[in-house]
Amino acid sequence: MREHGRLEDLPADYREALTQQNLVPLWPSLRAVLPPGKPQPKTRATFWSYQALKPLLLQAGELTPIEKAERRVLVLANPGHGLEKMQASAAMYLGMQLLLPGEWAPAHRHMPNAVRMIVEGEGAYTTVDGEKCPMSRGDLILTPTGLWHEHGHDGDKPVVWLDVLDLPLVYYMEASYHIDGERQAVKPGRGDRAYARGGLLPTPLFQRQNKAYPMLRYPWVEARAALEALAADEQELEAVQITYVNPETGDDAQNILGFYALMLRPGQTLKLPVRSPAMVFHLIEGSVEVRIEDQAYTLAEADTCCAPGYSAVRLRNGSAKTPAFIFIADETPLHRKLGVFENRG
């Protein structure tokens, strides 16, 4: 590999003259921004235990009332980026959010896209653009860019969910902001009911909807049933996996991050292709070993881990009797839009 000149090889007066004009020589840093063969990501393989996290989250509920927090969240930060950056990967933010009985997290809207993967509890809801979305374990709820949303809790036990946002990207682009709002009026109807049957779309008077996000809640009961049906119908299928999509267009449910559910059959080991986007794995049901290059983590229910892009990932269901179900978030839609997506097999 060609060796480039170093910054310290340049005369001090020349370096000072460059600095005075806000100039930087490229050649000393060329290999740092264009490494050979593949990127050198800051994102590290990282694991977050829900068993260790939950007591701290509940303690946050005791220490900080919702009025002082607005959103009571513990951020799942990747040490490779520095904990202060509050990011799980280059484009993904993760946070565990707590809502206690009787609380209301006030309405606002913001530029980053967000989704909520419900971890535990019943009785809470998110109202998005006037649609009230009940929260049950494993449900995926969208709060897309610019849409009003708020959270409420009519139940009697704490509710916890995993937030996944494209905040690091939007913040890096200097496009991140929020606007506070008033409590929303709830509109009748729910997209998860209107689009509950595959291949059947509402077309009143032969017209298709033109809403960018016609379906905001993806119930886990439906996703789980789809995975079980796929596994039964396609018994030779290596990967039993579904993608959360816009039911009107078939495009990804949101435009920056991709979301999937994966079922591992009892005893199954699955090698994933080496691809450019970073991935997040959150276990909904079962127990799974996730091996990311030379790092291995055993995920119990509600545990989460992150894999950098261009990593070899192997998943194994250690149970010989029961399937395991994993929620996956990744940066694939962003990579495809930018033309940098790679699948190295």
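Glu285 is buried in this predicted model, with a relative accessible area of 13%; buried means under 20% relative accessible area, exposed over 50% and partly exposed in between, with a 1.4 Å probe and protein chains only. Residues are numbered from 1 along each chain as its sequence is written, and side-chain values use heavy atoms, with hydrogens and water left out. Because the model is predicted, local features need pLDDT of at least 70 and side-chain atom pairs count only at pLDDT 80 or more, while totals for chains, interfaces and linings use all residues.

Glu285 takes part in a salt bridge with Arg224, at 2.9 Å from N to O. A salt bridge is a side-chain nitrogen of Lys or Arg within 4 Å of a carboxyl oxygen of Asp or Glu. Arg224 lies in helix H7 and Glu285 in strand S16 (residues 279-285), so the pair links distant parts of the chain, 61 residues apart. Helices (H or I, at least four residues) and strands (E, at least two) are DSSP runs, numbered from the N terminus. Side chains of opposite charge can pair when their charged atoms come close.

Arg224 also forms a salt bridge with Glu228, and the closest N and O atoms of this pair are 2.5 Å apart. Both residues belong to helix H7 (residues 220-233), where they are separated by 4 residues, about one turn of the helix. Arg224 is partly exposed at 24% relative accessibility, and Glu228 is partly exposed with a relative accessible area of 35%.

A further salt bridge joins the side chains of Glu301 and Arg137 (3.6 Å, N to O). Glu301 sits in the loop between strand S18 (295-299) and strand S19 (304-307), and Arg137 in the loop between strand S7 (131-134) and strand S8 (140-143), so this pair ties together parts that are 164 residues apart in sequence. Glu301 is partly exposed at 41% relative accessibility, and Arg137 is partly exposed with a relative accessible area of 34%. Arg137, Arg224, Glu228, Glu285 and Glu301 are linked in a network of salt bridges. In the whole structure, the search finds 15 salt bridges.

Strand S16, which holds Glu285, is mostly covered, with 7 of its 7 residues buried. S16 pairs with S19 in the antiparallel sense over 4 bridges; two strands pair if DSSP finds at least two bridges between them. S16 is also joined by 6 bridges to strand S21 (residues 324-330), again in an antiparallel arrangement. Phe281 has a bridge partner in each of these strands: Cys305 in S19 and Ile328 in S21.

An open sheet of 4 strands has the order S15-S20-S17-S18, with antiparallel pairing. Strand S15 (269-272) and S18 stand at its edges, each with a single partner strand, so one side of each is left without a neighbour in the sheet. On average, neighbouring strands of this sheet are turned by 15° against each other, direction ignored. Axes are lines fitted to C-alpha atoms, for helices over the stretch in contact, and angles run from 0 to 180 degrees between N-to-C directions. S15 and strand S20 (residues 313-317) pair in the antiparallel sense over 4 bridges, and Leu272 has Val313 as its bridge partner in S20.

Strand S5 (residues 114-120) runs antiparallel to S8 and is joined to S8 by 4 bridges. Arg116 has Ile141 as its bridge partner in S8.

The largest pocket has a volume of about 840 Å³. On a 1 Å grid over the protein atoms alone, a pocket is an open set of points where a 1.4 Å probe fits, with protein on both sides within 12 Å along at least five of seven lines, and lining residues have an atom within 4 Å of a point. Grid points are joined across faces, edges and corners, and the volume is the space filled by probe spheres set on the points. Of the 27 lining residues, the closest to the centre are His81, Gln87, Ser89, Ala90 and Ala91. Helix H5 (167-172) and helix H8 (332-338) are the elements that give two or more residues to the lining. The largest share, 5 residues, comes from H5.
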